[in-house]
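Student: I would like to go through the charged pairs and the surface of this model with you. Could you help me read it?

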Amino acid sequence: MDTTSETKLLGTAPIGRLVMKYAVPSVISLLVNALYNIVDQIFIGQGVGYLGNAATNVIFPLTVIVLAFSLLVGDGAAAYLSLKLGEGRKDQAQRGVGNALTLLVVFGVAFLLLGIFFLEPLARLFGATENSLPYALDYGKIIVLGFPFVMIGTGLNSCIRAEGSPRVAMISMIAGAVTNTILDPVFIFICGWGVEGAALATILGQIITLLISVLYLRRPKVLRVSRRDMKLSAGTAKTVMGYGVSSFITQVAVTVSILVSNNMIVQYGAASVYGPDIPLAAFGIVMKVYQILLAFMVGFGIGAQPIVGFNYGARNFLRVKKAYLLAIGCATAVAAVGFVLFQFFPQGIINLFGSEDALYNEFAQKSFRIFLMLCILSGFQTVTGIFFQSIGKPVKAAVVTLSRQILVLVPATLILPVFIGLDGVLWAGPVADAVSFLIALVLALFELRHLTCQHAREQEAALCTEQG
């Protein structure tokens, strides 16, 4: 097998140590990525007010769409890379990463042009009110300029983790986030640039992340991607994006759910005591904070991905099961901590984003307690979707991922408010968590049984070979 000792450890080292080795940097990288938006929200809330936070909530779905295509290519290339290295096909692994780089550049430029020419209609589509629209346009016109940087940087980050260098991926993300965190107060408070300053700080942080990732490619551990590898191959590109479809659908589904939720919140909020802007801003904070919890859960899933993918390719099915179950346990433990915070200490979280009036605090608390009531189930569903992606089963991965955000959450968000008004948008969250958990559980149990049978067949075949 043409791999380094680093990748060979994926098939021999203790599972617990491997999962922690890959999961911790993955969690930190994703957490830092989520903090980009959180940091902007905190400083904008303190320096601009809740209309500024409403504006970032409006632009957020557009940035999630960009992230979706980044992960479609990046996570797909990472899964492809792990599987091919497990099979001992290094040349194909390099071709997959090379094709991914080309796709990231193409998508980055395409989204830059989309953002430049269609920002205002997109902002209105995502729920901007007349009061928040000017802030959304000021913030969005700068954020879109960073789309190529964030796409290439995020995609490369996934490949670097899978290649055996999770610390490098982590460092690149941390460096970008630190840059953003330092520049946010400077641009917002000292320079007085408001939401535009927050957007500029975000872009500069994304550029730092990209530069570190690109510099790493000069001396990687395993892969040596050449220009020939970057020449697009329809078959390779299709396979890479097929493996990344779960991550893609996760993000697109988030976008669709936010789009529907924002519009329903504005519609039913206008008929409530809160008005349209308070619920829009408060719910946006809930979604951003939930992204922090999701970063932990996804991080454990992605941390197990190289281990699961390599051992599945090498037909070490018992190690595949152990890595998956350990990731599930870690993600669920973190989700339980989130549940306690959201149910018993929501006001402490809300205060980070600025002091507002009693109505604002009342709706924000209600949003945390109701919408995230069953977030403790999210860890299982999230890791299971990534697990199916890791073993090259994108259809099952898509079903698990779609079940929460699209198949249940969107219909519930549209139907429940008809009967219980604005609160119906919030109750759609626990309904979606419960149903999606059951779907993921059924599919996971069938797959685990299948892995057990495959392991038994492998053991039997090995025994027959020895006897023969």
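Student: Which helices hold aspartate 433 and arginine 404, and how many residues apart in sequence are the parts they tie together?
Tutor: Helices are DSSP runs of H or I with at least four residues, numbered from the N terminus. Aspartate 433 belongs to helix H18 (residues 423–467) and arginine 404 to helix H17 (residues 394–420), so the pair ties together parts that are 29 residues apart.

Student: Is aspartate 433 buried or exposed?
Tutor: A word on the source first: this is a predicted model, with local features needing pLDDT of at least 70 and side-chain atom pairs pLDDT 80 or more, while totals for chains, interfaces and linings use all residues. Residues are numbered from 1 along each chain as its sequence is written, and side-chain values use heavy atoms, leaving out hydrogens and water. Buried means under 20% relative accessible area, exposed over 50% and partly exposed in between (1.4 Å probe, protein chains only). At a relative accessible area of 3%, aspartate 433 is buried.

Student: What is the relative accessible area of arginine 404?
Tutor: Arginine 404 also has a computed value that puts it in the buried class. Its relative accessible area is 3%.

Student: Which helix holds both aspartate 138 and lysine 141?
Tutor: These two side chains meet in a salt bridge of 3.8 Å, N to O. Aspartate 138 is partly exposed at 28%, and lysine 141 is partly exposed at 42%. They sit three residues apart, about one turn of the helix, in H5 (residues 133–143).

Student: How many salt bridges are found in the whole structure?
Tutor: A search of the whole structure gives a count of eight.

Student: Where is leucine 113 found?
Tutor: Leucine 113 is partly exposed, with a relative accessible area of 45%. Its place is helix H4 (residues 90–125).

Methods. Helices (H or I, at least four residues) and strands (E, at least two) are DSSP runs, numbered from the N terminus. A salt bridge is a side-chain nitrogen of Lys or Arg within 4 Å of a carboxyl oxygen of Asp or Glu.
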